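Please examine the model shown below with attention to its covalent links, its sheet and its charged pairs. The paragraphs that follow take these topics in turn.

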Amino acid sequence: MTLLAKLMLATVATMTAGTVQAKAPAQVQDKPVNCDNCKEWNAPVKPFNVFGNTWYVGTAGLSAVLVTSPQGHILLDGALPQSAPLIIANIKALGFRIEDVKYILNSHAHWDHAGGIAALQRASDATVMASAAAAPVLQSGTNGKDDPQYQADPVVHVAKVSKVSLVGEGDTVKVGPLTLTAHMTPGHTPGGTTWTWTSCEGQRCLDVVYADSLNPYSSGDFTYTGKGGKPDISASFEASIAKVAALPCDIIIPVHPGTTDVLGKAAKRSGQDNPLIDANACRAYAAEAGGLLAKKLAKERGVALPAEAKGAAHAH
């Protein structure tokens, strides 16, 4: 081999090494969030089929859902920053690839549902979709002052999502045969969004609802009735609850799976019996939230509590 040929081979090898280095996998976890419930919420669970092309890929306490097609997939939510590697591993365990995720959809921008989105976006190069009120929170990495759970001290920061595309009421996100529809359900957060789609097994098609939180939990002196100069958002919150109750709904997956015992129901599946299928699930979910909100509003207004309003709102 001539000296010139050796030099050319060395140059090609160097360029190849540089190319490999440039395509190194993106970091799949950002700085974790520490909270009282984080360890419990982030406990790993085996991913499973919900129905048809809908798959649960989240953790024990934080939902993440993958809707699949031959042309690419759609992922809903990213849980905590430390959840991103678990979600990617769950997607892989089902035989899918994070690189085939075309869109990442957000329910609401609190760090326990959106904290992993930045890392998941880097790993997939997917387009992140969120409501107009949620997008600035994703891009800033922290809650806005209009959030019922805003805390000035300490402020929780998560990795910023570099680019977010907006969706509004009734907008759809499509990949191949997939069509997911956004429903604005503000209340728990200003930008809350519930997502719906249809999944089929053979000729049987069911309506799936990824329900955002309707939990009227707030921090500090925040009120839903607008005391202290804040706007009264009670009517819009009640409208969100009514909207979820009225959705076509055969299967509900709330952002916290324990709210409707998603994991427990999945574990009880046998043969054709799928306890996750429940045509009354959305109405029941909304009814419980409505009772909690009625109790909260009555307390803020200083009126007698409705007899049917039971329970207490909890964080997130």
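Counting the bonded cysteines along the chain, the disulfides follow the pattern 1-2, 3-4, 5-6. A search of the whole structure finds three disulfides, a disulfide being a pair of cysteine sulfur atoms within 2.5 Å. The model is a predicted one, in which local features need pLDDT of at least 70 and side-chain atom pairs count only at pLDDT 80 or more, while totals for chains, interfaces and linings use all residues. Residues are numbered from 1 along each chain as its sequence is written, and side-chain values use heavy atoms, with hydrogens and water left out.

The link of Cys35 and Cys38 is right-handed, with 115° about the S-S bond. Cys35 is partly exposed at 26% relative accessibility, whereas Cys38 is buried at 4%; here buried means under 20% relative accessible area, exposed over 50%, and partly exposed in between (1.4 Å probe, protein chains only). Another disulfide connects Cys200 and Cys205, S to S 2.0 Å, and is right-handed with 105° about the S-S bond. Cys200 counts as partly exposed at 35% relative accessibility, and Cys205 is partly exposed with a relative accessible area of 43%.

Cys249 and Cys282 also form a disulfide, their sulfur atoms lying 2.1 Å apart. This pair links distant parts of the chain: Cys249 lies in the loop between helix 7 (234-246) and strand 12, Cys282 lies in helix 9, and the two are 33 residues apart. Helices (H or I, at least four residues) and strands (E, at least two) are DSSP runs numbered from the N terminus. The link of Cys249 and Cys282 is right-handed, with 75° about the S-S bond. Cys249 is buried at 7% relative accessible area, and Cys282 is buried at 1%.

Five strands form an open sheet of mixed pairing in the order 8-9-10-11-12, where two strands pair if DSSP finds at least two bridges between them. Strand 8 (172-175) and strand 12 (251-254) are the edge strands, each pairing on one side only. On average, neighbouring strands of this sheet are turned by 20° against each other, direction ignored. Axes are lines fitted to C-alpha atoms, for helices over the stretch in contact, and angles run from 0 to 180 degrees between N-to-C directions. Strand 11 (residues 204-211) pairs with strand 12 in the parallel sense over four bridges. Within this pairing, Val208 stands opposite Ile251 in strand 12. Helix 9 (residues 281-301) packs on the sheet and touches strand 11 and strand 12, its direction making about 40° with that of strand 12; contact means heavy atoms within 4.5 Å.

Where do the charged pairs lie? The structure holds five salt bridges, each a side-chain nitrogen of Lys or Arg within 4 Å of a carboxyl oxygen of Asp or Glu. One of them is formed by Arg122 and Asp30, with the closest N and O atoms 3.0 Å apart. This pair links distant parts of the chain, 92 residues apart: Arg122 is in helix 5 (residues 117-124), and Asp30 is in the loop between helix 1 (3-22) and helix 2 (38-41). Arg122 is partly exposed at 36% relative accessibility, whereas Asp30 is buried at 13%.
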